[in-house]
Amino acid sequence: NIPKKLAISQSTAISFAVRCSDDDGGHINPNTECSGISMFAFLPTLVKEFKFPFYINANFVLDPPRQHILSDNPWNCFLMGEIGELVVRWCAELSKLGEKAALNILPAELFNESESDIAELAEAFNSRYKKALEDIPFVKCSDSLLHTLNDVLIDKTGLSKIIGQGTFCRALGSTKYLPSTSIDCSILDKELFSTVEKVKIKQLA
């Protein structure tokens, strides 16, 4: 069910666009509430099952009214998988550019694979997204470099603000890094990012 022009093409384009703030130097301001339509196939779709903090445009195969993405179409599954990885790579690029809200472009939850209408698309996105979150360094940390989630440490005690981030990590005997104070890392408290080590008061007692 892949249109011939897509089947024979050597490449395809996937575009991301994110809202920017008018009063913050033009820095990105992702729609973290994921309100409104975010999926486009050169024109807006009516897809409500997949909502992102930014806009996506790709050459999706749509139903005849051109309103919904066909879930059982292998081309669409391919695109969703690519999007799952590319969004993390985009986050890493934004982090390199010093965007405070870089992490906020990331979907905070996986999509529902139990809904039959979107199951294949959701699975295609989720599998690549989870792997990308594990493998790609995208969190800007206290050493000004990007690190993977397994190398990140979150201080829930507030002590690192008093004694310094480096001293805090050395006191714990940890080789991990605290997120840079220049970024909004609140999304790392979400269940999806539960692999990130978090230090609480009781651990220091």
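Helix 2, residues 74-96, has 23 residues and, at 1.5 Å a residue, should span 33 Å; its end C-alpha atoms lie 33 Å apart, in agreement with that expectation. The expected span is 1.5 Å times one less than the number of residues in the helix, and helices (H or I, at least four residues) and strands (E, at least two) are DSSP runs numbered from the N terminus. The model is predicted, so local features need pLDDT of at least 70 and side-chain atom pairs count only at pLDDT 80 or more, while totals for chains, interfaces and linings use all residues. Residues are numbered from 1 along each chain as its sequence is written, and side-chain values use heavy atoms, with hydrogens and water left out.

After helix 2 comes glycine 98, whose phi is positive, near 85 degrees.

The largest nonpolar core has 52 residues, of which Phe50, Phe60, Leu106 and Phe138 touch the most other members. At least two residues of this core come from each of strand 3 (55-58), helix 2 and helix 3 (119-135), and helix 2 supplies the largest share, 11 residues. A nonpolar core is a set of buried Ala, Val, Leu, Ile, Met, Phe, Trp, Tyr and Cys residues joined through side-chain atoms within 4.5 Å; buried means under 20% relative accessible area, exposed over 50%, and partly exposed in between (1.4 Å probe, protein chains only). In soluble globular proteins, nonpolar side chains tend to be buried together.

Phenylalanine 138 illustrates the packing. Leaving aside neighbours within four places in sequence, its contacts (heavy atoms within 4.5 Å) are Val88, Cys91, Ala92, Ser95, Leu103, Leu106, Leu133, Leu146, His147 and Leu149. Another core, of five residues, lies apart from the largest one and includes Leu153, Phe168, Cys169 and Leu178.

Cysteine 169, in helix 5 (residues 165-172), is buried, with a relative accessible area of 8%. Beyond its neighbours within four places in sequence, cysteine 169 is in contact with Leu153, Ser174, Lys176 and Leu178. Cysteine 169 and leucine 153 are 16 residues apart along the chain, and their C-alpha atoms are separated by 8.5 Å.

An α-helix has 3.6 residues a turn, so residues three or four places apart point the same way.

Aromatic side chains form a further theme. The structure holds 11 aromatic pairs, defined by ring centres within 6.5 Å for Phe, Tyr and Trp (its six-membered ring); planes under 30 degrees apart count as stacked, over 60 as edge-to-face and the rest as tilted. Phenylalanine 40 and tyrosine 55 have ring centres 5.9 Å apart and planes at 80 degrees, so this pair is edge-to-face. The pair joins phenylalanine 40 in strand 2 (residues 39-40) to tyrosine 55 in strand 3, 15 residues apart. Phenylalanine 40 is partly exposed at 22% relative accessible area, and tyrosine 55 is partly exposed at 42%.

Phenylalanine 54 and tryptophan 90 also pair edge-to-face, 5.1 Å centre to centre with 80 degrees between the planes. Here the loop between strand 2 and strand 3, which holds phenylalanine 54, is linked to helix 2, which holds tryptophan 90, across 36 residues. Phenylalanine 54 is buried at 2% relative accessible area, and tryptophan 90 is buried at 18%. Both belong to one aromatic cluster formed by Phe16, Phe50, Phe52, Phe54, Trp90, Phe111, Phe125 and Tyr129.

Asparagine 57 lies in strand 3, and its side chain reaches the backbone nitrogen of phenylalanine 42 at 2.6 Å.

Finally, the whole structure contains zero disulfides, a disulfide being a pair of cysteine sulfur atoms within 2.5 Å. The sulfur of cysteine 141 is 9.1 Å from the closest cysteine sulfur, that of cysteine 169, and therefore too far for a bond.

Note on methods: A polar contact is a pair of N or O atoms within 3.5 Å; within protein, one must be able to donate a hydrogen and the other to accept it, and residues adjacent in sequence count only if both atoms are side-chain atoms.
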